[in-house]
Amino acid sequence: MENLAQHAEDLYCPEIATITRVETLTASEKRFEITMPGNRPLNHKPGQFVEVSIFGFGEAPISICSSPTRGPSFDLTVRATGRLTDKMHLLEAGSQIGIRGPFGNGFDPQDFKGRDMLFICGGIGLAPLKSLIDYTLDRRNDFGRIIILYGTKNPAEILFPEEIEKWQQQTDIEFVMTVDQADEQWQGHVGVITTLIPPLELDVKNTIATVVGPPVMYKFVLMSLKGKRIPDENIYLSLERRMKCGVGKCGHCQINDTYVCQDGPVYHYPHVKQLEEAV
Amino acid sequence: MSKPRVAFFDFTSCEGCQLNKLNLENDLLSLLELVDIVEFREAMDDKAENYDVAFIEGSISTPSCVKRIYDIRRRAGVLVSLGSCAVLGGVNAMKNLHPADWVQEAVYGDDKYLFPSIPVQPVSAYVKVDYEIRGCPMSTPEFLHVLKSIVLGRKPEIFDHAVCVECKLHENECVLDKGMFCLGPVSRAGCEAICPENGQYCTGCRGLISNANVGGAIHMLKRHGFSEQEAKKKLQMYSSLNKLINEAECRHA
Amino acid sequence: MNALDEKLNRFTKYKISEQTLRKFIDYLKQQAPVFAPHHNGEASYSYECVENSAEVVLSYPRTMQPLKKYFLPPREVLLNFNIKDNTFSKPEIIEETRIFFAVHSYEMASLKRLDYSFTQGHVESNYVSRRKYAIFVGISYTPDESHFSKSVGIDVEETEGFDLFLLPVGDGYFLLEITDTGKRLVEGFPGLAAPDTTEIKTEPLQFKSKIKYHHNRLPAVFDHVYKSKVWDKYAEICVGCGTCNLLCSTCYCFDIRDEVDLDAEHGTRTRYWDGCMLNTFAEVAGGENFRGSLARRTRHRLYRKFKYITAKSEMLHCVGCGRCSHFCPVGISMTDIVNDLITDYEEKQNKEKI
């Protein structure tokens with residue numbers, strides 16, 4: 001115990017960071033730019049998360065939606081859906097906020113060098129994947145094709161419209177999106193995200209598929225990918241659970257023998273394929 | 001920021017929850033620093049037109065109750081139901097288990113036509129309820145917790161686990177083990193297990209946990225020497241409107 | 001001489017009467033705070049700080065809360081904060097010597113498991129600070145209808161982790177010196193005669209509660225019973241009260257909540273014991289519950305005890321204290337569940353052979 005004591009950490013103390021920019025994305029989602037004390041970089045990997053805290057309102061795990069290749073500040077896209085996130089939506093630039101992390105297993109983009117990248121994002125699932133999308137765009141020559149499939153419930157819920165417009169115009173990105181329910185102005189695809197997968201022409205052996213979305217989406221997307229004959233070992237998922245402590249202790253995020261806050265949220269699909277409670 | 005305007009209303013109930021608030025003593029003064037109480041029949045005569053927070057005590061049991069609760073909902077920003085009668089129908093709702101005529105006559109005799117009555121329902125059966133504070137009477141620490149949360153603009157935590165959790169956290173000796181009846185294993189916590197802590201059994205005044213295994217609970221009580229009839233009756237005391245209890249079957253002898 | 005007796009006979013030991021033993025507790029109290037089992041209510045026991053050595057219970061089946069309450073308190077303030085100016089402080093945890101007296105071997109074994117859980121990956125300072133200078137005096141016990149520690153490989157006389165150990169003999173005890181720390185405590189106590197050289201002969205204790213298989217085979221059983229019907233059988237009577245989690249000596253899951261004072265300015269970030277048997281434990285922000293059914297929750301609880309953490313730590317995370325069985329209001333026994341799983345496993349194996 002005494003030798004371990006040297007490595008003991010104050011695991012639950014946040015650092016007080018500053019919100020340096022707030023952008024309203026949709027009726028229920030905002031993007032916050034966070035700057036750590038002394039403008040130090042967070043040193044995160046795409047796909048990792050932080051525990052955000054506001055005293056009196058608790059903590060919540062939030063995925064980092066910006067790439068580490070872009071500046072020392074980082075972005076969080078937050079849907080107002082709970083005690084902490086509702087309060088966060090009331091905060092303005094200049095407000096202080098507690099940060100612990102980065103935590104968890106992220107993507108290792110170096111492992112994907114030379115591969116075609118297929119991003120499948122459902123709803124707010126675009127936020128965590130955006131950190132990897134931006135990474136691949138910033139190192140564009142390291143990767144093959146970049147295909148982004150994005151589905152939302154309706155056009156009003158589309159996140160990052162500015163970025164999406166850029167992606168649509170860029171010739172080296174194949175961006176397709178769909179909505180479950182169209183409105184009067186909508187002229188694009190209508191239907192669930194899985195309808196976008198069959199028409200794709202892919203070099204399946206060389207394609208890395210990354211999937212993030214609401215719990216109900218995974219099963220159907222995985223079936224479609226199987227239909228496309230994408231090998232399981234080319235598939236990565238990011239799973240959402242209630243990661244309360246972020247450090248593998250509190251037990252809330254455990255799926256079978258794996259702690260999402262430690263071994264995930266990003267999982268290599270073969271690791272979670274057999275876990276009944278995973279997808 | 002101006003202080004939230006808070007009002008208290010009583011419907012069909014013993015008004016014990018409201019009296020319980022007056023028992024806050026020292027905390028009552030701190031509370032008045034946080035909010036303005038604009039209507040509170042138990043303690044004052046003032047009446048207000050609208051309220052940031054309306055606390056509702058009691059169940060809905062007469063046509064005039066229905067009219068009044070709609071009216072209050074229209075004037076209230078946040079509406080909180082307070083105590084078992086308001087949240088669950090509570091003890092009052094036991095009358096629904098009997099024919100309405102019989103109940104009317106038993107209570108009012110020949111004057112029964114002067115007092116129109118409808119089956120008892122919780123407040124949430126008629127209007128949107130933002131938060132619920134359970135208990136008979138409501139627990140004052142929980143009341144303060146919800147009020148503080150509303151003042152801060154946060155959702156209060158409302159627990160949905162069994163009284164056993166709080167009992168075990170306090171390391172109370174199990175009253176079932178002492179041969180007493182207890183509904184703690186399936187009843188909602190939030191009361192800090194105040195009854196078992198003081199040697200009394202849990203009567204389930206805060207209602208059942210969601211997803212409660214009522215058949216299992218009856219089996220448990222039989223194992224401790226109580227009849228199925230007694231188990232069901234006591235489960236129904238506060239939760240007679242809970243369908244799980246009426247549908248429950250004890251599949252184990 | 002059997003291996004256990006051989007081991008016990010290697011320790012230096014003293015014969016000590018109960019009266020002297022209580023004087024020894026008084027002596028220990030002068031060195032550091034002493035915590036020991038006390039009566040709690042009519043028929044329960046709990047560890048308490050010793051005020052009067054006469055009140056210490058030396059023969060008891062088990063306390064209600066396990067010893068973990070001193071290292072992972074049921075309610076613990078992690079941070080004190082100020083909402084208005086966004087500042088916080090971590091309450092200081094005094095790293096002090098504490099003596100835990102008359103502790104059973106399964107309890108000591110459970111601390112070894114908690115040590116693993118709080119030091120693998122991230123090392124938690126709160127736990128380590130409380131644990132670092134703890135001293136343990138063990139005592140053997142007579143198994144009741146719920147103990148089954150022998151079935152998970154922990155002898156009643158297992159001395160691992162203890163500094164001193166007490167074995168009842170005649171109308172008194174043998175006090176065994178296990179570690180140098182224990183030896184130093186004994187040396188400072190004037191009430192003892194010279195070391196005793198009588199040979200220790202333990203009587204094999206009968207456990208009424210048993211698991212059918214040797215504990216080495218349990219992880220293999222758990223490889224095959226994930227989809228067993230046994231989970232549904234127990235889910236039918238389990239009421240999901242969480243008692244088994246909360247009183248388990250190796251469970252360590254927790255919840256963290258912010259609590260605000262009446263001034264709406266100061267508050268605490270506090271952690272509470274939590275349990276995977278509770279309905280809302282695996283709920284996520286959107287309201288989806290990943291382990292909604294009692295069958296799945298029961299399965300998760302047992303897999304945490306016999307497989308998930310065991311595979312990583314090479315220790316079964318059930319120590320056979322019998323708290324979950326003894327305090328279960330429904331009367332579900334851990335050994336019954338495991339034995340049913342073994343039966344199911346055997347049936348499956350037989351079918352495969354045919």
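**Entry 1: chain A against chain B**

I began with the interface of chain A and chain B in this predicted model, and found that the two chains bury about 510 Å² between them, with 46% of that area on carbon and sulfur atoms. When I asked which residues of chain A supply the area, I noted that G56(A), F57(A) and R83(A) give 77% of what chain A buries against chain B, more than any other three residues. I then looked up the contact itself, in which seven residues of chain A meet six residues of chain B.

For the charged pairs, I found two salt bridges across the interface of chain A and chain B. I wrote down the pair of R83(A) and E157(B), whose side chains meet in a salt bridge at 3.4 Å, N to O; R83(A) had already come up among the three residues that supply 77% of the area on the side of chain A. I also noted three residue pairs in polar contact between chain A and chain B, with both residues of each pair at pLDDT 80 or more. Sorted by class, the side of chain A that touches chain B holds one nonpolar, three polar and three charged residues.

**Entry 2: chain A against chain C**

I turned next to chain C, where the contact takes 41 residues from chain A and 50 residues from chain C. The area buried between chain A and chain C comes to about 4,200 Å², and carbon and sulfur atoms give 55% of it.

How many salt bridges are there between chain A and chain C? I found a count of six, and D10(A) forms a salt bridge with K90(C), with the closest N and O atoms 3.4 Å apart. The count of residue pairs in polar contact between these chains, both residues at pLDDT 80 or more, is 31. I then checked which elements of chain A take part, and saw that α1 (2–5), β3 (49–54) and β4 (58–63) each supply at least two residues of the side that touches chain C. Of the elements, α1(A) gives the most to that side, with three residues. By class, the side of chain A that touches chain C divides into 17 nonpolar, 12 polar and 12 charged residues.

**Entry 3: an annotated span in chain A**

I looked up the record for chain A, and UniProt, in an unreviewed entry, places the feature "domain: FAD-binding FR-type" at residues 12–109. In the model, the end C-alpha atoms of residues 12–109 of chain A lie 29 Å apart, and the span is 6% helix and 44% strand.

**Entry 4: the two domains of chain C**

I found 33 residues of domain 1 of chain C in contact with 38 residues of domain 2, and a buried area between the two domains of about 3,000 Å², of which carbon and sulfur atoms give 62%. On the side of domain 1, F81(C), R113(C) and F148(C) lose the most area to domain 2, together 24% of what that side buries.

I noted three salt bridges across this domain interface, and 13 residue pairs in polar contact, both residues at pLDDT 80 or more. The largest share of the side of domain 1 that touches domain 2, 10 residues, comes from α3(C).

Note on methods: Residues are numbered from 1 along each chain as its sequence is written. Chains are lettered from A and ligands numbered from 1 in the order in which they are written. This is a predicted model: local features need pLDDT of at least 70, side-chain atom pairs count only at pLDDT 80 or more; totals for chains, interfaces and linings use all residues. Side-chain values use heavy atoms; hydrogens and water are left out. Contact means heavy atoms within 4.5 Å. Buried area is the accessible area (1.4 Å probe) that two parts lose on being put together, summed over both. A salt bridge is a side-chain nitrogen of Lys or Arg within 4 Å of a carboxyl oxygen of Asp or Glu. A polar contact is a pair of N or O atoms within 3.5 Å; within protein, one must be able to donate a hydrogen and the other to accept it, and residues adjacent in sequence count only if both atoms are side-chain atoms. Helices (H or I, at least four residues) and strands (E, at least two) are DSSP runs, numbered from the N terminus. UniProt positions are given in the numbering used here, feature names are shortened, and annotations may be inferred rather than shown by experiment. Ala, Val, Leu, Ile, Met, Phe, Trp, Tyr, Cys and Pro count as nonpolar, Asp, Glu, Lys and Arg as charged, and the others, Gly among them, as polar.
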